[in-house]
Amino acid sequence: MADDYRRQDFELERRIFELDNKCSSLRAEKQDDDYLQNASAILEKLKSFYRQGGESFNLFKLLQDYTQVILDITFYEENQLVDQEFPEDSSPFKIQQLLQDLTEPEVLVARLTPGQEVQTVLGTELLECLYWRRGALLYMYCHTLHQRKQWIKKNKDTFIKCIQEGVRYLMRMLQVRNTVKLNDGVVLHDSATASILSEGIFSDTHLLTMMYIGEMCFWAVKYEDCSADSTDHKDGLQFRDIAMVERNGQLKSVVIRSFRRFSERYLPEKAAKNLMSDVEQKEESHLGCLESLPVDIQFLIMTFLSPVDICNLGATSRYWRAMVRDPLLWRYFLLRDMQHWLSIDHLTMPDLELLDAPLVSEHESLEDREEGEEKNREVIFDYMSEYLKGCPSCRQQWLPSRPAYELLTSFLQYLIPSSEPRYAMFGPGMEQLDVSLVTRLMHVPDLLPVSGTPQRQINGIGSGISYLFNNQHKFNILTLYSTNWAEREKARLQQQSISNKLFIFEGTDDWGHPVVIPAPQVQKVCEVVDGFIYVANAEPGKGDEASEVAQIRAVLNCVGDSTAKPLLVLSCVSREPEAASDRAKHRTPCVYMAKRLGLPQLSNRWMVQDTVAESLAGVLDGIAWLLKSSGVKI
């Protein structure tokens, strides 16, 4: 036993003197840094202990002091990286070194105190700090990389891996302590404090950790759909689930806090109600039933209401009018609901860049708003308008009205028999899915009867088939495949990419994006068709954003009046999940598909429609929009 103690003592002594040399070299750069001064003072105490022979040996206390030195020195080094905005050439190596330094205390505890829990040796706060510092370091690094769009395009897997590691550390930090259960004999007179502790929030750092997790997972969701390895996380992290839970959880807390502050300002008699006697409370009967409820219950009730019902609620009183106009409330609804929308188009697409605005900058809310100030206040983040514009049950009233002359033109066009519109259909969703969308379209006469035999093939790449919509409107779809059937099927079975014969690669632009042009035979097709159907693979982890954007813009720009030709995107999966609640997990939501394909930057009319190849759900809605956009009277 004595030999073990001497061995442990020697190893820790050697590491302490190595760390002292490092601290001295760093202090030579900046003598007045508080953290380096604190680390130096602790190291002097530890060295003095060993010079005196190491009497009164307390291994736990030595490891705790050593851990504090690690935290102080690495904090100085982290600040240097942040000040330098994480240089691209040196940051990966330096971050890896810092992560190893912050992991070292746990390694030492396992080696020097076998059989002891790390939390028992270091204490709860130091262990939390070690996890927090590693996760926060990766968050700051990813936050900087998030601004470097071109770097992410080239190093997407590295970016996702950094997010994965950062989320893991931050979640470990939240798991160090057990949440306070309100039935464990804990007496809390403040219900708000009890609610916060029961959620595992013991400090502002815990709340900030939740925000970091939500932001990092949200970044991962934005890019993982374009990464082939994103769905195979060995640690089981489901970024989309964590992102929505964390971001909605943060936002829910912010909304409730905003409601509570506003309620206390707008209804001060309600805030003082707890101080009244029973007789006095009976006399205070002028408040409505809903206004008398706690604000978290008010918010819960509103989450069950439709957007129309919420707007109607705002018309009942000045209190509710101001309450339902809180932008944080509508941001919560937008984040929660838009992943379930089945379609989106050029008129109803919400501005997703608003969702990148950090929550911490949105503390100016209802509590700072006086009645009547809305008229003179410039709305920076109008989440309410964005939500109502995109919500399927509300979007119709946001569409621009048609002028009278356009209605007359439409009526005259209806009297004159129109030619059969033709559309070119292409995209990876036609070739990569287990269920062929094109084959299913040809074998459902009750849904879309085939009204014409296949037309002449174009150099073996595609063919045209005529269909009958609603038993009265004929249209033709010209399918354009990337190559012949044998090569497509081999690539699908082996999960390999193939050379696309529809396009000719010409190089890259100034931003590193691929530049392609349609092959000569495809250009002829683009000139004669009335619009385009792009079948996107909406299954998670599929799709190549850069090449998809380049191909869509190539076909739209290869003809003179391309802006007049509408684009329908069928965001397609093979099958629907068994449980309806799992739908958002098994496909890329249409709003994110539109962003992935760069559709908001197009001047063409466009629509993204969620589609299922097996059941053809959504196909008729997409075709109806496409025919209307081509001037067909539906």
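**Salt bridges in a predicted chain**

The chain exposes about 32000 Å², and carbon and sulfur atoms supply 51% of that area. The model is predicted.

**Figure 1. Overview of the chain.** The secondary structure comes to 26 helices and 10 strands. The chain has 634 residues, and 49% of them count as buried. Take the contacts between residues at least 6 apart in sequence: 71% of these join residues at least 24 apart. The structure holds 20 salt bridges. Side chains of opposite charge can pair when their charged atoms come close. The views that follow show some of these pairs.

**Figure 2. Arg336 and Asp337 form a salt bridge.** The two side chains meet at 2.6 Å, N to O. Asp337 has a relative accessibility of 14%. The cut-off for buried is under 20% relative accessible area, so Asp337 counts as buried.

**Figure 3. Glu420 and Lys474 form a salt bridge.** Their side chains meet at 3.7 Å, N to O. Glu420 lies in the loop between α20 (404-415) and β2 (422-426), while Lys474 belongs to strand β5 (residues 473-479). The pair therefore ties together parts that are 54 residues apart in sequence. Glu420 has a relative accessible area of 29%, which makes it partly exposed. Lys474 is also partly exposed, at 40% relative accessibility.

**Figure 4. Glu614 and Arg575 form a salt bridge.** The N to O distance between the side chains is 3.3 Å. This pair links distant parts of the chain, 39 residues apart. Glu614 sits in the loop between β10 (606-612) and α26 (619-629). Arg575 sits in the loop between β9 (567-573) and α25 (590-596). Glu614 is partly exposed, with a relative accessible area of 38%. For Arg575 the value is 43%, and this residue is partly exposed too.

Terms used
Residues are numbered from 1 along each chain as its sequence is written. This is a predicted model: local features need pLDDT of at least 70, side-chain atom pairs count only at pLDDT 80 or more; totals for chains, interfaces and linings use all residues. Side-chain values use heavy atoms; hydrogens and water are left out. A salt bridge is a side-chain nitrogen of Lys or Arg within 4 Å of a carboxyl oxygen of Asp or Glu. Buried means under 20% relative accessible area, exposed over 50%, partly exposed in between (1.4 Å probe, protein chains only). Helices (H or I, at least four residues) and strands (E, at least two) are DSSP runs, numbered from the N terminus. Contact means heavy atoms within 4.5 Å. Accessible areas come from the Shrake-Rupley method with a 1.4 Å probe; for residues, only the protein chains shown count as cover.
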